[in-house]
Amino acid sequence: MPTPPRVLTVAGSDSGGGAGIQADLKTMLALGTHGMSVVTAVTAQNSLGVDGFWELPPEAVRAQFRAVVDDIGVGAVKTGMLAGAELVETVAALLSDVDAPVVVDPVGVSKHGDALLAPEALEVVRGRLLPVATLVTPNLAEVAQLTGARVADASDLPRAAEALLALGPRWVLVKGGHLPGDAVDLLTDGTDTHLLRAPRHDNRHTHGTGCTLASAIAARLAHGDALPEAVAAAKEYVTGAIAAGFPLGAGIGPVHHGY
Ligand code: PLP
């Protein structure tokens, strides 16, 4: 068996297995890559919400990262929940000299409304993390948090993307999935622009959607896809995963990874 493409997630653990590190590793396996993890925080979480979380010390995050990168190497990196300002700063510094594409999912608040990022960390995401991102993948709430731009309908997507590009990432994918109608996302680097559209699935079991999309993009990039192709393939993957999302516990169940 030859070595498969190697993909690293730097993110939080979801004890319920639907989002975070667990969703990332399932996605990476489903897309034919070897998934690796740097755990930033541990959440106590189930289908009803996040009961609490505990950050790892920056030296534990640094040690995990160095252990992976210095021996195994990475073809692409995805970041998710980074919890606090010090960890955002630590991860941004580690990523600044990695020679691989970096997909940043700027996780702010969970679907249940639980804060997964300290308010004072937002400034560090803007100033330190986004400039080292190959691609940033905010939903509309995260766009508003990061730029103040409000997206009321699809015609507002280009302005939101522009505001994000000004913060320094190479590419921006603004996810319009929370708008009514088809799930429309805008991908742009400022000159090359793609509107991605998928039919809306009326399935409330969508826990882990954002983690899954960003991980699928990283997996396809590690396979060697150009960025727009990686995003299109990942959108197709997550659309299927949402369509097959299943009930789990008493609340919102996870997207399905096709085992
Ligand atoms: N828990 C962790 C550790 C996450 O990283 C995320 C999202 O990125 C979530 C929970 C929230 O997932 P969702 O908004 O899909 O419920």
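Proline 4 has 17 C-beta neighbours inside 10 Å, so it counts as partly exposed; a residue would need 20 or more to be buried. The model described here is a predicted one. Proline 4 belongs to the segment before β1. Setting aside neighbours within four places in sequence, proline 4 is in contact with Gly32, Thr33 and His34. Threonine 239 stands 235 residues away from proline 4 along the chain, and the C-alpha atoms of the two are separated by 24 Å.

After this segment comes the part of the chain with a record. UniProt, in an unreviewed entry, lists residues 14-256 under "domain: Pyridoxamine kinase/Phosphomethylpyrimidine kinase". In the model, residues 14-256 are 39% helix and 19% strand, and the end C-alpha atoms of this span lie 15 Å apart.

The model also holds a ligand. Which residues are closest to the ligand? They are Gly12, Ala19, Gly20, Met81 and Lys111, out of 18 residues that surround the ligand. Two or more residues of this shell come from each of β1 (6-14), β2 (34-46) and α7 (209-223). Sorted by class, the shell has 10 polar, 6 nonpolar and 2 charged residues.

Helix α2 can be followed in some detail. It covers residues 58-72, 15 residues in total, and reaches 21 Å from its first C-alpha to its last, close to the 21 Å expected at 1.5 Å a residue. Which residues of α2 are buried? They are Val61, Phe65 and Val69. Seen down the axis of α2, these buried residues fall within an arc of 45°, so they line one face of the helix. An α-helix has 3.6 residues a turn, so residues three or four places apart point the same way. The buried residues of α2 pack against β2 and α3 (85-95). On the other side of α2, the exposed residues are Glu59, Arg66, Ala67, Asp70 and Asp71. Glycine 73 follows α2 and has a positive phi, near 85°.

Helix α3, one of the elements against which the buried residues of α2 pack, contains alanine 92. Is alanine 92 buried or exposed? Alanine 92 counts as buried because 22 C-beta neighbours lie inside 10 Å. With neighbours within four places in sequence left aside, the contacts of alanine 92 are Arg128, Leu129 and Val132. Histidine 256 lies 164 residues from alanine 92 along the chain, with 30 Å between their C-alpha atoms.

Definitions and conventions: Residues numbered from 1 in each chain as written. Predicted model: local features only at pLDDT ≥ 70, side-chain atom pairs only at ≥ 80, totals over all residues. Near = placed C-beta within 6 Å. Helix = DSSP H or I, 4+ residues; strand = E, 2+ residues; numbered from the N terminus. Nonpolar A, V, L, I, M, F, W, Y, C, P; charged D, E, K, R; others polar. UniProt positions renumbered as here; feature names shortened; annotations may be inferred. Expected span 1.5 Å × (residues − 1). Buried ≥ 20, exposed ≤ 12 C-beta atoms within 10 Å, placed from the backbone. Arc of directions from axis to C-beta. Contact = placed C-beta atoms within 7 Å.
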